[in-house]
Amino acid sequence: MSLNKLNAISPIDGRYRNKIDSLALYFSEEALIKYRVRVEIEYFIALCEIPLPQLSNFDSSKFNDLRKIYIDFDSEDAMAIKEIEKVTNHDVKAVEYFIKKEFDKLGLEAHKEFIHFGLTSQDINNTAIPLSIKEAMNEVYVPQYLEVLNKLTALTKEWEAVPMLARTHGQPASPTRLGKEIEVFAVRLEEQFNLLNDIPSAAKFGGATGNYNAHKVAYPKIDWRDFGQKFVQEKLGLHHSFPTTQIEHYDHMAALFDCLKRINTIIIDLDRDFWTYVSMDYFKQKIKAGEVGSSAMPHKVNPIDFENSEGNLGIANAIFEHLSAKLPISRLQRDLTDSTVLRNVGVPFGHTLIAFQSTLKGLNKLLLNKEKFEQDLENNWAVVAEAIQTILRREAYPNPYEALKGLTRTNEKITQQSISNFIDTLETTEEIKTELKQITPSSYTGI
């Protein structure tokens with residue numbers, strides 16, 4: 001069976017592939033191999049730039065040719081490495097052998113033993129994977145996150161003056177404004193994104209157990225720690241973790257996943273609120289010709305986009321949770337459990353992007369039902385009781401809370417007229433009564 005979207009086991013590679021295609025450049029097997037080749041090549045170039053004595057005569061004009069090995073890397077190259085791996089049964093060693101063959105083609109066979117010099121496979125994996133995550137974040141995740149944020153910001157302004165009955169514990173409460181309620185989500189997302197930007201993209205680079213043992217025994221006079229830090233930070237643009245064991249400790253990566261999970265949780269909260277607003281008839285939804293909402297009930301226009309988003313974010317968060325809980329734990333100087341787990345890094349990103357697109361689609365389909373907002377406010381005059389008793393407190397009126405409680409905590413409907421009649425019974429000035437009668441559910445929306 002040849003793999004295609006209809007027989008893929010994972011829905012992100014099947015049903016939703018067109019929504020997450022861009023992630024393949026960072027999280028596919030081919031992408032991981034390409035990142036490994038990139039790190040190996042840049043490491044060799046860095047050794048030439050020290051220079052190591054044996055590489056002091058290396059022609060620096062060949063650096064461009066070396067970089068083309070990963071810049072022009074394609075699926076055929078990836079398959080060639082996978083063929084080598086069938087023999088080596090080791091993925092990183094297969095990359096090393098592939099690059100050595102490329103050196104032979106370039107007439108650089110005299111220098112090829114300095115490929116992967118002094119390194120362990122985790123020096124490659126623990127730089128390649130953080131680099132892929134960092135670039136996927138910057139080039140794919142952030143633009144889609146900003147689309148959602150910008151849409152929320154636009155709706156905040158568009159609906160900033162729309163008064164709305166608030167509900168606490170599901171019950172009518174002091175009125176608010178629709179734009180402000182959306183702004184709550186926008187600010188929450190912004191604050192978590194700021195925290196996200198403070199998390200380093202960290203990488204391990206230091207030999208078999210993190211001590212540059214092989215490097216130092218071969219070249220004891222070179223400051224290898226300084227070399228490693230400059231290589232990781234200046235060549236790769238990552239934060240150098242030191243000291244480490246054989247592997248990166250993944251604490252920063254875990255922090256990243258936890259922060260992404262919090263952003264997703266905020267979006268779930270938003271999805272559920274808008275789903276509820278649609279069920280309350282606060283919003284209609286744009287209808288697309290040819291679409292159906294139910295196989296049996298032709299009248300239905302379901303809020304499926306918010307539901308799809310919530311479901312995908314739940315899966316994403318479950319995987320982010322496992323990654324952040326598992327990766328920082330490794331037996332002694334290392335075990336291999338991180339290796340297979342890290343191959344799933346792209347999966348929660350995929351479900352997150354699917355969710356972002358669904359939330360955005362749902363927001364773009366909303367049609368404000370202003371009459372329903374007004375009707376709910378008009379049907380709930382009891383919510384101005386807080387305003388009335390607060391003004392009476394200001395005027396030192398005796399027991400104002402209790403007076404309003406007696407009026408409103410009943411099963412009888414509170415109307416504008418019953419509120420007005422109550423105000424007339426108050427032993428206060430006409431000026432205060434006039435002030436109280438000017439308060440309406442639509443005007444009592446705070447700042």
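In this predicted model, Phe185 is placed in helix α8 (residues 178-197), helices being DSSP runs of H or I with at least four residues, numbered from the N terminus. Phe185 is buried, at a relative accessible area of 6%, where buried denotes under 20%, exposed over 50% and partly exposed the range in between (1.4 Å probe, protein chains only). When neighbours within four places in sequence are left aside, Phe185 is in contact (heavy atoms within 4.5 Å) with Leu152, Ile266, Asp269, Leu270 and Asp273. Between Phe185 and Ile267, the C-alpha to C-alpha distance is 7.9 Å, at a sequence separation of 82 residues.

The protein chain is divided into domain 1 (11-117), domain 2 (137-205 + 244-368) and domain 3 (380-438), with bounds from an automatic or database domain assignment. The centres of domain 2 and domain 3, taken over C-alpha atoms, are separated by 42 Å.

A nonpolar core is defined here as a set of buried Ala, Val, Leu, Ile, Met, Phe, Trp, Tyr and Cys residues joined through side-chain atoms within 4.5 Å. The largest nonpolar core comprises 113 residues, of which Val37, Leu66, Ile133, Tyr141, Phe257, Phe283 and Phe349 touch the most other members. Helix α7 (residues 121-158) gives the most to this core, with 15 residues. Domain 1 and domain 2 both give residues to this core, so it lies between them. Apart from it lies another core, of 18 residues, including Trp381, Ala387, Ile388 and Ile414.

Residues are numbered from 1 along each chain as its sequence is written. Local features require pLDDT of at least 70 and side-chain atom pairs pLDDT 80 or more, whereas totals for chains, interfaces and linings use all residues, and side-chain values use heavy atoms, with hydrogens and water left out.

Note on methods:
Helix = DSSP H or I, 4+ residues; strand = E, 2+ residues; numbered from the N terminus.
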